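Colleague: I would like to go through a structure with you and learn how to read its features. Please start once it is on the screen.

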Amino acid sequence: MTARNFPEDFVWGSATAAYQIEGAATEDGRGPSIWDTYSHTPGRTRNGDTGDVAADHYHRWSQDLDHIAELGLGAYRFSISWPRVQPGGSGRFHQAGLDFYARLVDGLLERGVRPVATMYHWDLPQELEDAGGWPARETALRFEEYASGIVAALGDRVHTWTTLNEPWCSAYLGYGSGVHAPGRTEPAAALAAVHHLNLAHGLAGRVVRELAPDAELSVTLNLHVVRGASDSTADSDAVRRIDALANRAFLGPMLDGAYPADLLADTAAVTDWSFVRQGDEKLIAVPLDVLGVNYYSSTLVRTWDGHSARSDADGHGASAHSPWVGADDVDFLPQPGPYTAMGWNIDPPALTELLLRLHREYPGQPLMITENGAAFDDVVSADGRVHDDRRIDYLRRHIGAMADARAQGADVRGYFVWSLLDNFEWGYGYDRRFGIIRVDYDTQERTWKDSAHWYRHLATNGQLSVPDSSSVGVGVSS
Ligand code: FCB
């Protein structure tokens, strides 16, 4: 084992999202979101699961905040449900909804925990989808209005405002492959959604700057580490194309102030990008105090030869429609294990690689891991505990990989484990458990898994022991 020490000001946190934990879907005037509609549509989610009750956090928030405090965490990343605070997505704000988040933020501050609020973690008000959803420019303008309402209400008490969570998923899974709400499969609409999400980020970022000048501004991206099956020109080109769709479609406008030319050329047969108006890219490039990175696994691609069997193993859910708009000639290859219960490969060095790339390409840009964690098939033992050694091993190795990047200069300031609690894992429903705290969905009882005890130890003393061996998933100890 090698010891890694983190400085005292390093932020240890945990993350959740409104639709995944809150429940109370129709309570206190909350309106429907696209995820309510989608999860209530037969065949869309595993076992027909919905977020109607979820982890009942709407009623148990105070107890959940106690867990965060007992874990010794310095920050909590949660999301605000747009349809709870502005049910139809436009017009008047709903006081009961704003009050819920005010209580949550104050409750965190009372416990000495930094509130990190995500404005949008995928629960678009259904009325806005009915009016066109993210492929419509108007949705970005509605988002600006929504941001003004929540920042005016909570602004200076929230330490960090994160505009969007993983716009990649909202655009390509929501409008490309349809495995996420609203379940549309329209390639051109997916690219229009990419742009309007980027625009929404820029507009909301300016709202934060204006109304809460002391708050930090961030966005969370699920950046992909894309590797080629070989060094051939064809496979290198597959890497470039997927990197453009997955990463540079967001990093470009947000951090460089422009869409990459190769992305526009690669997708020219799908759209002419005329929805990008003059001045948009400048608006989107609002300087970020911190860039949030979500990382779970890596991606292996090749250029398809046109006849051999395809794998399409991109880990983003089964659909007859690809989320990789305009890249039908790219195939996604299965990767060596071990895997988590999501079927995602475990690849900690790729996290180091990703952070060092960001450090190289955006020197001076502070970074934060805003999500990292693993689903495993947890078992409650006879002693009533969950001995989730594999989750501990996953966390240990990824936090070690982050430490490696820090040692090489990457300015990574914090780490948020996904997730605080077991929760509604989107299309997988309650079948996948990511929490460090177990939720018994019959009783809503919370039980600390071994990983929670382990994480508490790390968060309170800042010392990590990382195994020296490069093999993953063996030799686990807590
Ligand atoms: C991320 C999401 C988060 C959760 C994890 C497992 O893509 O942001 O809500 O579903 O994956």
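Modeller: We will take the overall fold, then the aromatic rings, then a strand and a helix.

Modeller: This is a predicted model, in which local features need pLDDT of at least 70 and side-chain atom pairs count only at pLDDT 80 or more, while totals for chains, interfaces and linings use all residues. Residues are numbered from 1 along each chain as its sequence is written, and side-chain values use heavy atoms, with hydrogens and water left out.

Colleague: How many helices and strands does the protein chain have?

Modeller: Helices (H or I, at least four residues) and strands (E, at least two) are DSSP runs, numbered from the N terminus. The protein chain has 15 helices and 15 strands. Its radius of gyration is 21 Å, close to the 23 Å that the globule rule gives for 478 residues, so the chain is as compact as a globular protein of that length. That radius is taken over C-alpha atoms, and the rule is 2.2 Å times the number of residues to the power 0.38.

Colleague: What describes a pair of aromatic rings?

Modeller: The distance of the centres and the angle of the planes. Rings of Phe, Tyr and Trp (its six-membered ring) pair if their centres lie within 6.5 Å; planes under 30 degrees apart count as stacked, over 60 as edge-to-face and the rest as tilted. The count here comes to 36 aromatic pairs. Tyr120 and Phe143 form an edge-to-face pair, with 6.3 Å centre to centre and 85 degrees between the planes. Tyr120 is in strand β4 and Phe143 in helix α7, 23 residues apart.

Colleague: Are Tyr120 and Phe143 buried or exposed?

Modeller: Buried means under 20% relative accessible area, exposed over 50%, partly exposed in between (1.4 Å probe, protein chains only). Both Tyr120 and Phe143 are buried. Trp273 and Phe275 form a tilted pair, at 5.4 Å and 45 degrees, and both of these residues are buried too.

Colleague: Which residues make up the covered face of strand β15?

Modeller: Leu464 and Val466 do, whereas Gln463 and Ser465 form the uncovered face. Strands pair if DSSP finds at least two bridges between them; four bridges join β1 to β15, and the two run antiparallel. Arg4 stands opposite Leu464 in β15.

Colleague: How many residues of helix α14 are buried?

Modeller: In α14, 14 of its 19 residues are buried. Just after α14, Gly409 takes a positive phi of about 110 degrees.
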